[in-house]
Amino acid sequence: MSNNSSIKTIPNAIFFASVEEMIAEGRRVEMTVRGFSMRPFVRNGTDVVVLAPVEGSDLEVGMVVLFRYRGGHILHRLVGIDGGRLTFEGDGNYRQVERAEVGDVVACVAAVKLAGGREFAYGSGAWRRRSRISMVRKWGRRVALDVKNKLLKKR
């Protein structure tokens, strides 16, 4: 049986301040994913993302990035770039989008480490396959919920 006495919980503000400091120093940071908004691309409590520094000019649609939003931090996929304005969506979100400025981006996800030990890097074949699967599932959920909502309105 493992001893979890060394695991400590700290407030998000303190945690992300440390993450931002390490990224600013040019270091990579590993972070266990918390939340369901990026399902099925990454899974809550089991998958680990490797965060790396990124320059605004290096941002690409399809990247998953950590950014500041409304006093917190969010890890979502970059879906649009319009000058300095960025649009993000979580793969598991039905319709919600976030908009931020290039200066709000803290880091990009350079790799994902799955619970089973496999790892895949941004831009790799595995990344592209998982991204496609995640986006197709999102599209399918969106269509199914739209149909359901239209049927409920007819009643």
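**Salt bridges**

Author: Arg85 forms a salt bridge with Glu101, their closest N and O atoms being 2.6 Å apart; a salt bridge here is a side-chain nitrogen of Lys or Arg within 4 Å of a carboxyl oxygen of Asp or Glu. This is a predicted model, in which local features need pLDDT of at least 70 and side-chain atom pairs count only at pLDDT 80 or more, while totals for chains, interfaces and linings use all residues. Residues are numbered from 1 along each chain as its sequence is written, and side-chain values use heavy atoms, with hydrogens and water left out.

Reader: How many residues apart are Arg85 and Glu101, and in which strands do they lie?

Author: Helices (H or I, at least four residues) and strands (E, at least two) are DSSP runs, numbered from the N terminus. Arg85 belongs to strand 5 (residues 85–89) and Glu101 to strand 6 (residues 98–101), so that the pair links distant parts of the chain, 16 residues apart.

Reader: Is Arg85 buried, exposed or partly exposed?

Author: Buried means under 20% relative accessible area, exposed over 50%, and partly exposed in between (1.4 Å probe, protein chains only). At 37% relative accessibility, Arg85 therefore counts as partly exposed.

Reader: Which residues are linked with Arg68 in a network of salt bridges?

Author: Arg68 pairs with Glu20, the closest N and O atoms being 3.0 Å apart. Because Arg68 lies in strand 3 (residues 64–69) and Glu20 in helix 1, this pair ties together parts that are 48 residues apart in sequence. The network of salt bridges links Arg68 with Glu20 and Asp104.
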